[in-house]
Amino acid sequence: MATVGVIGAGVMGKDVAITCAANGYDVILTDHDPDVLAAAPRDARGLVRKFRMMSPTTGSWKADEVLGRIRFTADLGDLAEADWIVENIVEDLAAKERLYLRLREVCGEGVKIAANTSCISITKLAARTARPADVVGIHFMNPVPLLECAEVVRGFHTSDDTIKRAEEFVGSLGKRSIVVNDMPGFVSNRLSHLFMNEAAFLVHDGVAEPEQVDAIFKLGYGHRMGPLETADLIGLDTVVNSLNVLYEEFQDSKFRCCPTLKKMVAAGLLGRKSGQGFYTYAQH
């Protein structure tokens, strides 16, 4: 099996890393934050045990086997060994552009780069690399081990070979690729962030409590999760950053961020990962 380099050991990065490892890939997981990296092995082991009980789409989910395939490192240069790189860092264009410039020094010819971004243009990110044709968006859905599709995004320069390789890679993880063209937010987040933002406005305006908003979506529309539960799962900071990207790109007031979301992020209420968002979560 090929080696996958995963950049960013946050919520999505850990999910992507364990999913790849469970499906036989050797994984190099890197993060610039020493505290995040130090906690990653323990967090990853807990996630493997949790997802094993929840019937992941495919793979072998024995904790020791999965963790045995993941190498944790702070050195971005270690990714020179990778055949695929999956980038999952913070949803901030400037930070991503700095990273993609650095990947010029790391990635050899033939290495494919997948941007697992929520909303940022794949074409913009690819422009910072040495070989834009080798860059593609692969937007994994959260939680990665349990959901059966990934949004594959074709940038302006993305080659047909890169799209084919991306579909094969996604398929090897037991998921279906849905290929779309590049535009900020793509399909999934251009729609979902409108739902989450407007749901936050309903709470902000005193129309309903979070439980009521989510219950209508689950009981009335048959959604598995309500929009505010989804926002908490993604991370409210990520939601705010993504809405800011969409607003900046489209200059459309429908993407203006709800003041309550901004206030919660400023207060450190980020959702599941902080233990408090629209709901309260037990911290382990």
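This is a predicted model: local features need pLDDT of at least 70, side-chain atom pairs count only at pLDDT 80 or more; totals for chains, interfaces and linings use all residues.

Colleague: Fine. How many helices and strands does the protein have?

Modeller: Eleven helices and eight strands. Those are DSSP runs numbered from the N terminus, with helices being H or I of at least four residues and strands E of at least two.

Colleague: And why call it as compact as a globular protein of that length?

Modeller: Because its radius of gyration is 18 Å, close to the 19 Å that the globule rule gives for 284 residues. The radius is taken over C-alpha atoms, and the rule is 2.2 Å times the number of residues to the power 0.38. Along the principal axes, the C-alpha trace spans about 55 × 40 × 35 Å.

Colleague: What share of the residues is buried?

Modeller: 51% of the 284. Buried means under 20% relative accessible area, exposed is over 50%, and partly exposed is in between, using a 1.4 Å probe and protein chains only.

Colleague: Which residues have the most contacts inside the largest nonpolar core?

Modeller: I18, I138, F140 and F169, in a core of 38 residues. Helix α1 (residues 11–22) gives the most to this core, with seven residues. A nonpolar core here is a set of buried Ala, Val, Leu, Ile, Met, Phe, Trp, Tyr and Cys residues joined through side-chain atoms within 4.5 Å.

Colleague: What does I18 touch?

Modeller: Leaving out residues up to four places away in sequence, I18 touches A44, L47, V48, F51, W61, V66, I70 and P145. Contact means heavy atoms within 4.5 Å. There's also a second, separate core of 26 residues, which includes I113, L125, V180 and V245.

Colleague: Switching to V144: where is V144 found?

Modeller: In the loop between β6 (135–140) and β7 (149–154). V144 is buried, with a relative accessible area of 1%. Beyond four places in sequence, its contacts are M12, D15, V16, T19 and K175. The C-alpha atoms of V144 and P56 are separated by 8.9 Å, although the two are 88 residues apart along the chain.

Colleague: How about T162, buried or exposed?

Modeller: T162 is buried, at a relative accessible area of 0%. It sits in helix α6 (residues 160–172), and it touches K112, A133, D134, V135 and V136, not counting residues up to four places away in sequence.

Colleague: Now α9. Which of its residues are buried?

Modeller: P227, L228, E229, A231, D232 and L233. That's six of the eight residues in α9 (residues 227–234), so the helix is mostly covered.

Colleague: What covers the buried residues of α9?

Modeller: The cover includes α7 (188–204), α8 (210–221) and α10. After α9 comes G235, with a positive phi near 115°.

Colleague: Last one: which helix does L246 lie in?

Modeller: Helix α10 (residues 236–250). L246 is buried, with a relative accessible area of 0%. Skipping residues up to four places away in sequence, L246 touches C119, P184, G185, N189, H193, Q251 and F255.

Notes:
Residues are numbered from 1 along each chain as its sequence is written. Side-chain values use heavy atoms; hydrogens and water are left out.
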